[in-house]
Amino acid sequence: MTAAAGVALFLVYCGMLRGAEAAPKGIPAPAPAGERHMRERTLGQITLVYSAESEPLAEQILPYAAKCSQHREKLFRPPAPIPQKAFWLAKADWRGKPATYGFPYASGKDAYLAAADVDMPTQLALIADAMDIEKGGADVERIAARLGLPKGSTPADVHRRLKESKEFFVVLTAWYILPHELTHGYCNALRHPAQPRWFYEGLAQWAAYCVQQELRSPDEADLIYEYYQLLWTRGAPHLRVTDFAKADRLGAAGLDTPNYAWYHGGLLRLFHDLEEMKGERLLPDLVRRVGDRCGGRSTVSDQEMIRVFSEVMGRDLGPWFAERWGLGRVSDVRP
Ligand SMILES: [Zn+2]
């Protein structure tokens, strides 16, 4: 190859890299030339890849992620161990457009998260603006208490904490969203259905809640639960999508961060209510039943998934899903 041809090829290659970086969020781009040196440590089935600035937090994240992995093994009982990578990335190392920084995602088995201890996860910081916090009220006071804000704190203090606090975003990203994304990774590896979306996202939401409750603390898990519920119950005036079934159809590609977070708030409520109805842990039975009925299929219909849920609950959930969530065939229950 001549030098000129080499340069031309190199330029084409760089163009491809730029093209890849412009790909939709969720698709990791190849590392750009001159990538900063990343650190890597493995414990059990988890390899944590992280930016050097996160060394102190990595000491905590790695054992947590490894314990979460044992949690998934108990739940999913995979035929062989599933090794996973968790990428904890500062802004300079983010594999996507800089504007997507903070929007967490799973790709294959692996999870990609913003290093909230280093840089503000800009996408997640947008969520607080959609919560109508300035209106105040009992739920704002409740979350103020859970955040440990002093008595007499104003709604503006709550808003600031949920938008600007590094401490809060570490709790949200490392201890909640990390197990959420790694649960997706497990479902992807085991070929559990990714559709319906409400099942795929709801399972990850509830699994993350249970893990945080067990491995961190019930109070911390409830802080995140209440955070999502504040958006779910209060966010309507600032949201583009307020119809759950429509949000479900639009999915990740059609929703911006606050709308997508609102949808996730609804899913936490949906799974919470089902577990309350069941009177015991929902996921062990549910995961086993979904594996039996739907394993190896990327898509199942709403109706079929609702049947699986009904089997797990021992009652017909068709009307509940249709009336409360707009999922399944509404016409079946409202002639
Ligand atoms: Zn998700």
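Author: Residues are numbered from 1 along each chain as its sequence is written. As the model is predicted, local features need pLDDT of at least 70 and side-chain atom pairs count only at pLDDT 80 or more, while totals for chains, interfaces and linings use all residues.

Reader: Why does Leu75 count as buried?

Author: Buried takes 20 or more other C-beta atoms within 10 Å (12 or fewer is exposed, in between is partly exposed; C-beta atoms are placed from the backbone). Leu75 has 20 such neighbours, so it counts as buried.

Reader: And what is Leu75 in contact with, sequence neighbours within four places aside?

Author: Leu283, Pro284 and Val287, where contact means backbone-placed C-beta atoms within 7 Å.

Reader: What makes α6 roughly perpendicular to α8?

Author: Their axes, lines fitted to C-alpha atoms over the stretch in contact, have an angle taken between N-to-C directions, from 0 to 180 degrees. For α6 and α8 (residues 218-234) the angle is about 110°, with the axes 11 Å apart. Roughly perpendicular covers 65 to 115 degrees (under 35 is roughly parallel, over 145 roughly antiparallel, the rest oblique), so α6 is roughly perpendicular to α8. Val171, Leu172, Trp175 and Tyr176 of α6 meet Glu220, Leu223 and Ile224 of α8 there.

Conventions. Contact = placed C-beta atoms within 7 Å. Helix = DSSP H or I, 4+ residues; strand = E, 2+ residues; numbered from the N terminus.
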